[in-house]
Amino acid sequence: MRIYDLGTMPYRDAWRRQEQAHERVLAGEGEVGFLVEHPPVITYGRRPGAMGNVLASAEQLAERGVEVVQSDRGGDVTFHGPGQIVAYPIVRLADHGLSISGYVHRLEQIVIAVLGDCGIAAHTDPGAIGVWTRDDHGELAKIAAIGVRIQRGVSMHGVALNVEVDLDYFRLIVPCGLLGRGVTSMKKIMGDRACSYAAAKLAVEKRILQGFAEGTQRHAAAEDGKRI
């Protein structure tokens with residue numbers, strides 16, 4: 001797998017890059033991952049009623065310069081913006097011996113490892129996809145959202161990790177459609193002790209490469225075992 005840093009790129013442009021890479025991976029080329037930071041954008045997935053979880057009016061969104069895009073990923077509504085690392089792995093699930101749920105779990109574990117590298121304890125929630133931790137008040141809060149699409153066995157979309165994003169933007173929506181659940185960031189939890197954006201991005205790249213390389217090795221070993 002190769003990881004490409006797209007820098008700051010509008011959501012729709014990054015989506016097109018994913019689609020192009022998806023076709024190449026389907027054709028047998030090497031798997032890739034994209035790391036990107038989006039200008040302020042609210043996206044919502046294919047879940048019925050997801051748009052109803054956008055709380056702000058069109059006028060309020062325009063005033064704050066927030067675009068709204070319907071995506072073809074799964075899941076509900078979320079926000080992407082400056083200070084957030086968005087990772088889009090384009091991988092063949094079968095090559096890693098993964099089901100769709102197994103792939104989502106792999107993404108969760110990658111993010112948990114990244115947060116551990118940066119001194120933050122995090123975990124999954126059996127009732128809600130994503131990665132959770134305790135905020136600066138000790139309350140349970142989401143620190144990373146996950147939304148994927150698997151088409152012909154190859155993944156698109158991925159995970160968004162809140163590093164130093166302005167959390168006030170999340171007041172414009174019901175994040176992931178979960179009422180009463182908070183949202184936090186690495187910066188809010190750790191203040192000046194938090195990993196920098198650059199350091200967190202390096203950790204994300206390392207953990208993605210490890211996570212999918214290890215999966216490929218385990219799957220290859222299992223296939224070899226079947227042939228013996």
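Tutor: Let us begin with a cysteine. In this predicted model, Cys118 has a relative accessibility of 8% and is therefore classed as buried, the cut-off being under 20%.

Student: To which residue is Cys118 joined by a disulfide?

Tutor: Its partner is Cys195, with an S to S distance of 2.4 Å. This link is left-handed, with -105 degrees about the S-S bond. It connects distant parts of the chain, 77 residues apart: Cys118 lies in the loop between helix 3 (100–117) and strand 7 (123–125), and Cys195 in the loop between helix 4 (186–190) and helix 5 (197–227). Cys195 counts as partly exposed, at 21% relative accessibility.

Student: Is His38 buried or exposed?

Tutor: His38 is buried, with a relative accessible area of 1%. Its place is in the loop between strand 2 (32–37) and strand 3 (41–44).

Student: Which polar partners does the side chain of His38 reach?

Tutor: It reaches the backbone oxygen of Met9 at 2.7 Å, and it makes a polar contact with the side chain of Tyr88 at 2.8 Å. Beyond residues up to four places away in sequence, His38 touches several others, including Pro10, Ala14, His80 and Val86.

Student: What does the pLDDT say about the protein?

Tutor: The average is 90, and 93% of the residues score at least 70. Over residues 215–228, however, the pLDDT is below 50, and this stretch has 10 contacts in the model beyond near neighbours in sequence. Where pLDDT is low, predicted coordinates should not be read in detail.

Terms used. Residues are numbered from 1 along each chain as its sequence is written. This is a predicted model: local features need pLDDT of at least 70, side-chain atom pairs count only at pLDDT 80 or more; totals for chains, interfaces and linings use all residues. Side-chain values use heavy atoms; hydrogens and water are left out. pLDDT is the predictor's confidence in each residue, from 0 to 100. Contact means heavy atoms within 4.5 Å. Helices (H or I, at least four residues) and strands (E, at least two) are DSSP runs, numbered from the N terminus. Buried means under 20% relative accessible area, exposed over 50%, partly exposed in between (1.4 Å probe, protein chains only). A polar contact is a pair of N or O atoms within 3.5 Å; within protein, one must be able to donate a hydrogen and the other to accept it, and residues adjacent in sequence count only if both atoms are side-chain atoms. A disulfide is a pair of cysteine sulfur atoms within 2.5 Å.
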